[in-house]
Amino acid sequence: MKISLNWLKQYIDLPESPEEIEKLLTRSGLEVEHIDEIQPIPGGLRGFVVGEVLTCERFEVKDKKLSLTTVDIGTDTPSTIVCGAANVDAGQKVIVATIGTTLYDKEGKPVFTIDKRKVYGQPSEGMICAEDEIGIGTSHDGILVLQTDLPNGTPAAKYFNIEPDYVFEIGLTPNRADAASHIGVARDLKALLDRDLTMPEVSGFADVKDTTLVEVVVENKEACPRFCGVSIEGVKIGPSPDWLRKRIEAIGLNPINNVVDVTNFICHELGQPMHAYDAEALAGNKIIVKTLPEGTPFTTLDKVERKLSATDLIICDAEKPVGIAGIMGGLDSGIKDTTTNIFLEVAYFSADWIRKTGQRHGLKTDASFRFERGTDPNLKLYTLQRAALLILEVAGGKIASSVTDFYPEPIGNFEFAVRYKNINRLIGKELGNAYIRKTLESLDIQILDENEEGFRVSVPPYRVDVQREADIVEEILRIYGIDNIELSDNLNTDFLAQFPEPDPNTLQAKITSLLASKGFHEILTNSLTKPSYVQQFPAIANGENVEILNYLSEDLMVMRQSLLFSGLEVLAYNINRRQKDLKTFEFGKIYYKKDDKYIEKKRLSVFITGDQHTESWISKSQPVAFHDLAAVVLQLLHRMQVKNIDSAETENAIYSYGLSYQVNKREIVSLGLLKPGVTKAADIKVPVFYADIDWEYLLKQYNPKVVFAEIPKFPEVRRDLSLVIDKSLSFKEIKALAERTEKKLLKAVNVFDIYEGQNLGEGKKSYSVSFTLQDESQTLTDTVIEKTMQKLIQLYEKELGAEIRGK
């Protein structure tokens with residue numbers, strides 16, 4: 001949406017620069033995407049000044065009669081200028097193009113730039129200009145001689161009263177239909193700057209009482225709650241005056257004729273689309289607002305024939321359609337060069353009806369843009385009077401009828417309660433009751449029934465987006481300025497709705513996506529299995545088998561109590577077909593009976609076997625290892641935002657070795673290398689790593705809330721220690737002791753090397769451990785770092801019996 005600054009100044013005093021106004025509008029929610037400068041004369045007469053010819057000496061070169069002049073252009077030293085015009089003389093006031101000034105042709109293209117040079121051996125420091133060289137006329141008979149008392153050096157733009165315009169391109173959001181016009185933007189500036197808004201005067205409008213030349217019938221009152229019209233006779237169609245052409249050209253519209261240009265002007269001035277009909281083309285002197293049968297053909301102003309829908313609102317005369325309501329008029333009823341009598345209409349159409357019709361026919365116009373968002377139903381009569389007076393001004397004629405105003409059910413204001421405590425709570429700052437009242441009144445929002453707790457508001461219907469308490473808070477905040485709300489040290493906000501409960505299916509899809517991104521394939525296996533698996537490996541049993549009464553085979557006699565063997569069977573099937581590098585996972589249920597109760601639970605199984613990746617010339621492949629699976633499981637737990645995870649060596653008999661991850665002392669995952677006897681039961685002879693995850697318990701640990709922290713401003717420091725400890729001790733104990741000892745500065749503990757050898761002594765091993773230290777409030781000093789590390793060393797020596805190497 002384009003808004004002209006000079007146009008805005010008709011309604012409100014705006015001495016501010018375009019850049020200052022841009023900031024105000026953007027702050028208030030009318031985001032200015034860019035500003036275009038429009039000069040009425042190419043170049044805006046930059047570099048042209050008023051000068052006075054002090055001396056003039058004639059000379060002739062090669063039959064050319066020239067003049068060597070000195071001209072006062074308001075500088076300390078007069079300029080010497082060679083001039084070829086015959087009418088130049090001493091004592092004249094003239095227009096001078098100073099050095100560095102660019103001259104333009106009639107199309108606005110630069111021709112050349114004035115520089116200091118010699119003309120036939122004489123120095124010349126500018127140019128005394130004719131009309132066409134300035135761009136204000138076409139005459140080149142001689143220089144332009146001025147009659148003025150303006151001081152020498154005065155910019156020529158001031159003499160000619162040339163004022164540039166600035167056009168704001170506003171990215172209007174759908175909720176701000178009220179601002180889709182110059183008056184709408186001026187209303188916001190009125191509130192932002194606390195200034196008066198001057199509406200155009202319509203007191204001179206006088207219709208002809210009890211005279212109807214065009215009868216108006218509204219059949220569809222739902223789609224057209226209001227329709228206003230008036231007849232004007234004796235107009236003369238022709239070009240618009242300069243002021244009107246400049247206004248609509250500034251916002252990118254092409255002038256058509258004086259009557260149509262007025263309707264376009266009103267659309268962008270008041271945000272009220274309207275239409276002028278050639279009254280002689282209206283059959284039966286009648287306007288009917290209704291729908292037509294499905295498939296009715298109609299040719300619009302763009303000369304395209306369209307098939308109307310039975311739900312399109314159409315403006316008709318007594319015989320035929322003449323316009324698609326709120327979108328585009330018909331080809332035959334528009335204003336022609338021969339038109340003398342017009343019927344001028346402005347209406348309020350339902351936004352829903354106009355939006356659906358526009359989408360159906362693929363039509364987007366300035367009118368539909370506004371009707372789809374909602375126009376002001378109570379400004380229609382004023383709009384009609386304003387437009388009629390302008391038409392009389394630019395096209396002549398007279399008002400020939402009384403005003404038709406169909407408005408059976410007037411649309412009232414929105415009324416609702418607002419509480420001061422909610423305004424202060426949502427804004428985060430107390431602005432004071434007096435400021436709140438003043439701001440709302442400046443936005444034409446009336447305050448009713450005020451008391452200590454709050455008040456009721458009456459919001460005009462043109463503010464279609466202000467119908468709730470939160471909307472009132474937004475209005476106050478956008479005028480006060482969100483940038484003026486001070487930020488506290490601890491940022492927080494309120495919300496109007498609770499966070500939804502986590503959806504298990506969404507979380508399952510989230511984990512599926514994670515595993516798939518790591519190269520895992522999802523499998524789905526049969527819930528029926530062999531009873532021998534539980535008999536052979538009781539470690540997988542949770543209770544008694546659930547037996548099938550009418551089983552089809554001995555291999556499908558019971559419901560599975562674990563996803564282990566159904567997953568191994570899939571691996572075996574693929575390995576037997578030379579697919580040896582496998583990564584699979586399965587979400588599935590297990591079933592068992594306990595204390596005569598049937599129980600089913602959902603689990604997640606993960607398998608890896610073979611090599612890490614296919615061998616290539618870049619790198620040789622290596623067999624998968626325990627940590628390949630453990631890394632994926634830990635990433636899965638972190639994705640589910642599980643906190644306070646403990647780990648211990650697993651005691652599950654199906655693993656040769658492995659870990660058990662626990663939350664609140666309950667196992668959530670067991671993982672490790674399956675024993676050869678387990679894999680052999682499924683006819684697999686290669687190592688297989690397996691993780692069994694309690695999916696239902698994992699879902700309960702999911703935490704949807706995210707806590708954000710500021711990125712530390714101060715650097716981290718790393719220190720390394722080599723600890724020789726008893727072989728029975730693990731890195732977990734090293735890390736736990738460090739975290740208990742230094743809770744403020746210690747950010748991470750990591751082991752980067754493990755060594756075992758005869759030179760360490762029997763039953764000993766060495767851990768190379770890194771410690772990351774950081775103070776979030778200041779840079780760490782060497783003294784603090786050394787003190788912290790010494791404290792850790794002493795504890796390791798005392799509690800773990802560690803020997804510290806490389807101290």
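Asp-405 is partly exposed, at 33% relative accessible area, a label for values between buried (under 20%) and exposed (over 50%), worked out with a 1.4 Å probe on protein chains only. The model is predicted, so local features need pLDDT of at least 70 and side-chain atom pairs count only at pLDDT 80 or more, while totals for chains, interfaces and linings use all residues. Residues are numbered from 1 along each chain as its sequence is written, and side-chain values use heavy atoms, with hydrogens and water left out.

Asp-405 pairs up with Arg-226 in a salt bridge, with 2.8 Å between the closest N and O atoms; the term means a side-chain nitrogen of Lys or Arg within 4 Å of a carboxyl oxygen of Asp or Glu. Asp-405 sits in strand E25 (residues 404-406) and Arg-226 in strand E15 (residues 226-233), so the contact ties together parts 179 residues apart in sequence. Strands (E, at least two residues) and helices (H or I, at least four) are DSSP runs numbered from the N terminus. Arg-226 is buried, at 6%.

Across the whole structure, 39 salt bridges turn up. One of them joins Lys-9 to Glu-163, at 3.6 Å between the closest N and O atoms. Lys-9 is in the loop between helices H1 and H2, and Glu-163 in the loop between helix H4 and strand E13, so this pair links parts 154 residues apart in sequence. Lys-9 is partly exposed at 36%, and Glu-163 is partly exposed at 45%.

Glu-475 and Arg-463 also meet in a salt bridge, 2.7 Å from N to O.
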